[in-house]
Amino acid sequence: MWITVALTLWLPLVALVYGAWEASGVNFRPGQIADRTIKAPYTATFESQLLTQQARREAYDDARNVVLVRDPSVEAAQLEALNRVLTQLENIRSQRSTDLVATTQQAQAALEGLSPEDAQLLVSLSDASWGRIEAEARRVLATVLAEEVRSDNVAQVKEQLPERVSLSLNAVERRLVVVLVRSFVRPNVRVDEQATRAAREAAAQAVAPIMVTVQEGQVIVRDGDPVTPEALEKLEFFGLLSPRQSWPEFLGMLALLGLWAAAFVLALYRSTQHTRQSRQLLLIVGLVVVTLLAGRLVVPVPELRYAFPVAGTVMLLAVLLDFRTATLASWFLALALGILDGFSLVTTLVAGFGSLAGAAVVWRAERTMTFLWSGLAVAVSTAATALAGLLALGRQPVDISLAGNVVLQSGINGVLSASLCFLSFSLLGRLLGITTHLQLLELAHPTQPLLARLAREAPGTYHHSLVVGNLAEAAAEVVGADPLLARVACLYHDIGKVLHPELYVENQTNRMNVHEALDPQTSARLIKEHVTEGVKLAKRARLPKPIVDIVQQHHGTTLIKYFYVKAQERGLPVDERDFRYPGPRPQSKEAAVVLLADSVEAAVRAAAQAGKLYEPGDPQCVSNRLAEIVDRIIRDRLEDGQLDEADLTLRQISEIRRVFLSMLEGVYHPRIEYPEPPREPVTPVIDERAAAEA
């Protein structure tokens, strides 16, 4: 099956590429003088490995990638060395009264580079001045070494030392502080080779691939000019260095096309569960192939190029399947049509953006006017992209005549695309069993026979279905499921109860519970029948398959715990299988959401009717009780494996819980009890005629 689908896509592409196969070939070497002028056969954008490697080498060699590491031992060692010199100078100063010349020489020997004049000043200073110099020297050195001092800026730091000395000192004291500190300023950082290497490699890897755009007709190599490596890269990209019809190259191209077709089919398969059905997959491939064959005849004609309704196919896929599938098909078709039109980038962009615009508008069409808006979106997007592309290329002047022609073709494109989609989506949907949003909206109308019967004969169940539908719709929205399908399926999920509404507690108002006269096994069997009977009623009413599936799966294989426990309490022989729903477990996100919404709503309603939600004087009681109930229901369904076959993650289940609590708190929040207004005493009215007769 999959091989057939891939071949169906691959063979038309082979024919397209073979028709556009470049016939001429040349062989050049870097630096060789070209003997001919070669132009680009079509417009293309590709990654330049040569320029990318050059940019990555420059990023690797950038000096900003050097990682420096602080060495805390430098600060401690230099401060200690300064303290030793200061202590030595203090001792020398204490002997200055005996021989000033000798002490001056000793001071010079204590501090390297100290001039005789500065040494004499240090020795002859007053004790108060020396104390200020000593304290300020320690402070300045500590401040300097607390910052980053590199080997390449040590000189700069030393030059800036006077700016760091306190202005409270006089000029001589400030100069002596600088003299003392200057010798102890050392680099306190070093290069981390390993981190630097990693930073260089990361910088090189962070360089984005450099894309090169070559326009159709642009000169790549000019006759008489040296052949540059960049020109060789462009020639190689366009296949101009290969011999004409080289079989190994052509076979390689066929292999790449085969991989392209296979990747497209695989992407369709994985994109959504609806495309996993063979009929729907063949529909996609069939529409794509038919569009390519028609485009082969229309797109190369300049007068019809922008009028070809490729968007109609993409919009049809969006309505029948989903937007993701339509997006994949849009760019697949856009690229193929660009090849048909001589590898035209403008044609590719026009087809791609026009199709996406129409699909984005019509994706969840809920009224016929949406198709008109989608056609307008196609026309506007096509015209804007075409005019912008023509202006960007600049190969021909865009005058009023050309612009009017483009706008006219774009308008025809929009009308044809919207008409084709509107006229065919309903027929194709019914033939292939695909449920559209318009069909779902029709089924949600209260006048539908099954819904009208449910509202009339089982009003409690009908109200329950409405509330469950609201919960399921909101939850489906946050987990990426179809909210409309979830809501409509909820309206029909309990349709089987219409046959015996008195068996279910929501319909037993002012009635005796019939299960009190039945044994637990019989009660469980009767309760389970609403699923099987509901499936029969749904099929008889020709409801869409997704809704029938949810009717069948909305309880999964859960245990009817009430009657199961009741049977155990009576000491009856119990087989758990007799008390479980027939299933199967939910197979889709929508079915899983309906299962959780149904269980949560029933449990919360039962707690509210039993008065277990409210507690006087505790406004947080409702929120806490609701959270306990919702958490218990979800935990039980997870532990019972009911969600194992649905495509739900734990994060999405957490989002479902949040939505349920938000909506339930809005419904069951405590309300203020309004006091009765005081009433005036009523004077009895005496019937005078009755009194007279009396």
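This is a predicted model: local features need pLDDT of at least 70, side-chain atom pairs count only at pLDDT 80 or more; totals for chains, interfaces and linings use all residues.
A residue is called buried when its relative accessible area is under 20%, exposed when that area is over 50%, and partly exposed in between. By this rule methionine 663, with a relative accessible area of 28%, is partly exposed.

- Methionine 663 belongs to helix α28, which covers residues 650–668.
- Along the chain, methionine 663 and asparagine 470 are 193 residues apart, yet in the model their C-alpha atoms are separated by 8.7 Å.

**A nonpolar patch on the surface**

- Six names make up a nonpolar patch on the surface, namely Val361, Met369, Leu372, Trp373, Leu376 and Val380, and together they have about 580 Å² of accessible area.
- Helix α17, which runs over residues 369–393, provides the largest share of this patch, with 5 residues.
- Tryptophan 373 lies in helix α17, and because its relative accessibility is 52%, where exposed means over 50%, this residue counts as exposed.

**The cavity**

- The count of cavities of 30 Å³ or more comes to 1, and the volume of the largest cavity is about 100 Å³.
- The lining of the largest cavity consists of 14 residues, and those that lie nearest its centre are Arg305, Phe308, Val310, Val350 and Ala351.
- Two helices, α14 (310–320) and α16 (345–362), each supply at least two residues of this lining, and α16 gives the most, with 5 residues.
- Sorted by class, the residues that line the largest cavity are 8 nonpolar, 5 polar and 1 charged.

**The second largest pocket**

- The second largest pocket holds about 1400 Å³ of space, and it is lined by 35 residues, with Ile560, Lys561, Tyr562, Tyr581 and Ala602 lying nearest its centre.
- Two or more lining residues come from each of the elements α23 (520–540), α25 (561–569), α26 (589–609) and α27 (621–639), and the largest share, 7 residues, comes from α26.
- Sorted by class, the lining of the second largest pocket has 13 nonpolar, 9 polar and 13 charged residues.

**Salt bridges**

- Side chains of opposite charge can pair when their charged atoms come close, and this structure holds 20 salt bridges.
- In one of these salt bridges, glutamate 147 pairs with arginine 164, and the closest N and O atoms are 2.8 Å apart.
- This pair links distant parts of the chain, 17 residues apart, since glutamate 147 sits in the loop between α6 (127–145) and α7 (154–159), while arginine 164 sits in helix α8 (residues 161–164).
- Both partners count as partly exposed, glutamate 147 with a relative accessibility of 39% and arginine 164 with a relative accessible area of 23%.
- Arginine 577 forms a salt bridge with aspartate 575, in which the closest N and O atoms are 3.0 Å apart.
- Within this pair, arginine 577 is exposed because its relative accessible area of 65% is over 50%, whereas aspartate 575, at 29% relative accessibility, counts as partly exposed.
- Another salt bridge joins the side chains of arginine 580 and glutamate 576, with a distance of 2.9 Å from N to O, and glutamate 576 is partly exposed, with a relative accessible area of 34%.
- Salt bridges also link Arg453, Arg456 and Glu457 in a network.

**Backbone details**

- Most residues other than glycine have a negative phi, and most peptide bonds are trans.
- The peptide bond that leads from glycine 583 to proline 584 is cis, with omega near 5°, and proline 584 is found in the loop between α25 and α26.
- Arginine 542, a residue other than glycine, has a positive phi, with a value near 60°.
- Arginine 542 lies in the loop between α23 and α24 (545–553), and with a relative accessible area of 74% this residue is exposed.

How values were computed. Residues are numbered from 1 along each chain as its sequence is written. Side-chain values use heavy atoms; hydrogens and water are left out. Patches are made of residues with over 30% relative accessible area and no salt bridge: like charges are joined within 9 Å, nonpolar side chains (Val, Leu, Ile, Met, Phe, Trp, Tyr) within 5 Å. Accessible areas come from the Shrake-Rupley method with a 1.4 Å probe; for residues, only the protein chains shown count as cover. A salt bridge is a side-chain nitrogen of Lys or Arg within 4 Å of a carboxyl oxygen of Asp or Glu. Helices (H or I, at least four residues) and strands (E, at least two) are DSSP runs, numbered from the N terminus. Buried means under 20% relative accessible area, exposed over 50%, partly exposed in between (1.4 Å probe, protein chains only). On a 1 Å grid over the protein atoms alone, a cavity is a set of points where a 1.4 Å probe fits but cannot get out, and a pocket is an open set with protein on both sides within 12 Å along at least five of seven lines; lining residues have an atom within 4 Å of a point. Grid points are joined across faces, edges and corners, and a volume is the space filled by probe spheres set on the points. Ala, Val, Leu, Ile, Met, Phe, Trp, Tyr, Cys and Pro count as nonpolar, Asp, Glu, Lys and Arg as charged, and the others, Gly among them, as polar.
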